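The following exercises are to be worked with the sequence and the structure in view. Each task is followed by a stepwise solution.

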Amino acid sequence: MSENNFVKQESSIEEKELNPMSGWLALIIGILFIISPTLGVGTLIAYDNPIFLVITIILFIVAIFMFCGLKIVNPNESVVFVLFGKYYGTLKKPGFFFVNPFVSAINPTYESQVAKLSKTGEKDSDDESTTSNTKKVSLKAMTLNNQKQKVNDELGNPIIIGTIVIWKVVNPTKAVFNVENYKTFLSIQCDSTIRNVARLYPYDSEDTEDHREKSLRGSSQEIADRLKEELQKRVEIAGIEVEEVRITHLSYAPEIAAAMLQRQQAEAIIAARKKIVEGAVGMVEMALNSLSEKEVVELDDERKAAMVSNLLVVLCGNKDAQPIVNSGSIY
């Protein structure tokens, strides 16, 4: 199956939101069932009747099951339940509830503290970000700080790019059942999206009067929107909503950084020289027209050429010109 077909695949499990009984009511019933066996034992001692012993044991067992079914859900959290290997439902509402005691919560990113301590060596920060200490699925907005990676731009130049992604889970059922680990899935899809988008644009471009080429450095907002749109399509299967994508780092790779810096400097020098020449020509033209209109001096073609040459040298030179006073004729 191709990657595009995989991303577009729809979940076969539809989300079913639970509306369980209040946990306070179940707690009160459980307490009553605990008190009732105590009274039953007293009655058993008083009347020596085996029926009361059976009732006492049953009520005590029921009370234990009532307590096992109590669940607390915090705001912006959800719990996905399975019952004997089958999807049971999803609890999204915050509060104190009673659910079937035989159901179990499932979260593919859950890893107990005991399992973490049993592993040898230090865990990377990436591993920490893809695991959870609870079986509840968080619905809060989270940040994925994608590591810097080397990719190629449209011209084939190697560049270093890093991004952050603001995301949240909107469909816990898809996040739990459609992918192995939705946090790892998001990170991998983010890397793939960056590579696909970066190769469509050059790192930098030249600005002209009638056209401005879009680039990674000059069109940051458009690139971010393009990244968000493509990444959202890829993670739709995992029930994830991408709220924002931002480029946090963008630079040439070290092996070509020095050469690209020289090219940028050369382009800047050429652009500056172009402006200087355009201004100098305008100033020379203005000087000649002013001299001619005010009839300060009459210049033939040879003298005009000499004057233009001198003015251009003065205006376009890198160093200050040293004036030479001519007290006689130029001939």
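**Exercise 1: The start of a helix**

At the start of α7, a side-chain oxygen of N181 comes to within 3.1 Å of the backbone nitrogen of K183. The model is a predicted one, in which local features need pLDDT of at least 70, side-chain atom pairs count only at pLDDT 80 or more, and totals for chains, interfaces and linings use all residues. Residues are numbered from 1 along each chain as its sequence is written, and side-chain values use heavy atoms, with hydrogens and water left out.

Task: Determine where N181 is found, and whether N181 is buried or exposed.

Solution. Step 1: N181 belongs to the loop between α6 (172-177) and α7; helices are DSSP runs of H or I with at least four residues, strands runs of E with at least two, numbered from the N terminus.
Step 1: The relative accessible area of N181 is 15%. Buried means under 20%, exposed over 50%, and partly exposed in between (1.4 Å probe, protein chains only), so N181 is buried.
Step 2: N181 and T109, 72 residues apart in sequence, are 5.7 Å apart in space, C-alpha to C-alpha.

Terms used. A polar contact is a pair of N or O atoms within 3.5 Å; within protein, one must be able to donate a hydrogen and the other to accept it, and residues adjacent in sequence count only if both atoms are side-chain atoms.
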